[in-house]
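Welcome! Take a moment to look over the chain below, and then we will walk through it topic by topic.

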Amino acid sequence: MNKTSMSVPEMRKLLGLGKTASYWLVKKNYFETVIVAGRMRVMIESFERWYRAQTHYKKIVQQEEPNE
């Protein structure tokens with residue numbers, strides 16, 4: 001089963017960001033988030049769409065690509 005979401009700390013590690021910068025991206029609604037059991041999750045499909053469309057941020061850790 002493929003993951004459909006990731007935690008904000010996972011996204012932060014993926015992009016090499018600090019805590020403030022990662023939550024700033026979330027607050028700007030650049031990608032879809034959901035609250036699961038009181039914790040914020042970033043939807044991976046939404047994150048990947050945003051990532052492909054922007055040019056400022058680069059991944060520093062490879063994430064497994066979902067099988068399509």
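Val34 is partly exposed, at a relative accessible area of 30%; here buried means under 20% relative accessible area, exposed over 50%, and partly exposed in between, with a 1.4 Å probe and protein chains only. This is a predicted model, in which local features need pLDDT of at least 70 and side-chain atom pairs count only at pLDDT 80 or more, while totals for chains, interfaces and linings use all residues. Residues are numbered from 1 along each chain as its sequence is written, and side-chain values use heavy atoms, with hydrogens and water left out.

**Val34 and its surroundings**

- Val34 sits in strand β2, which covers residues 33-36.
- Leaving aside neighbours within four places in sequence, Val34 is in contact (heavy atoms within 4.5 Å) with Arg39, Met40, Arg41 and Met43.
- Between the C-alpha atoms of Val34 and Ser5 there are 8.7 Å in space, and the two are 29 residues apart in sequence.

**The whole chain**

- The protein chain has 3 helices and 3 strands; helices (H or I, at least four residues) and strands (E, at least two) are DSSP runs, numbered from the N terminus.
- Read from the N terminus on, the order of elements is β-α-α-β-β-α.
- The protein chain has 68 residues, and 35% of them count as buried.
- Among contacts with a separation of 6 or more, 50% come from residues 24 or more positions apart.
- The protein chain has an accessible surface of about 5200 Å², and 51% of this belongs to carbon and sulfur atoms; such areas come from the Shrake-Rupley method with a 1.4 Å probe.

**How the helices pack**

- Two packed helices are described by the angle between their axes and the distance between the axes.
- Helix α1 (residues 8-15) and helix α2 (residues 19-27) have axes that come within 10 Å and cross at roughly 110°; axes are lines fitted to C-alpha atoms, for helices over the stretch in contact, and angles run from 0 to 180 degrees between N-to-C directions.
- Helices α1 and α2 are therefore roughly perpendicular to each other, a label for angles of 65 to 115 degrees.
- From α1, the residues Val8, Met11, Arg12 and Leu15 meet Lys19, Ser22, Tyr23, Leu25 and Val26 of α2.
- The residues of this contact divide into 6 nonpolar, 1 polar and 2 charged; Ala, Val, Leu, Ile, Met, Phe, Trp, Tyr, Cys and Pro count as nonpolar, Asp, Glu, Lys and Arg as charged, and the others, Gly among them, as polar.
- Helix α3 (residues 44-53) has Ile44, Ser46, Phe47, Glu48, Trp50 and Tyr51 as buried residues.
- These buried residues of α3 pack against β1 (5-7), α1, α2 and β3 (39-43).

**Residues in the loops**

- Most residues other than glycine have a negative phi.
- Asn29 has a positive phi, near 60°, though it is a residue other than glycine.
- You can find Asn29 in the loop between α2 and β2, where Asn29 counts as exposed at 62% relative accessibility.
- Ala37 also has a positive phi, near 50°.
- The loop between β2 and β3 holds Ala37, and Ala37 counts as exposed, with 79% relative accessibility.
- Tyr30 lies in the loop between α2 and β2 and counts as partly exposed at 37% relative accessibility.
- Not counting residues up to four places away in sequence, Tyr30 touches Trp24, Leu25 and Trp50.
- Tyr30 and Ser46 are 16 residues apart in sequence, with 8.4 Å from C-alpha to C-alpha.

Methods
Parallel < 35°, antiparallel > 145°, perpendicular 65-115°, else oblique.
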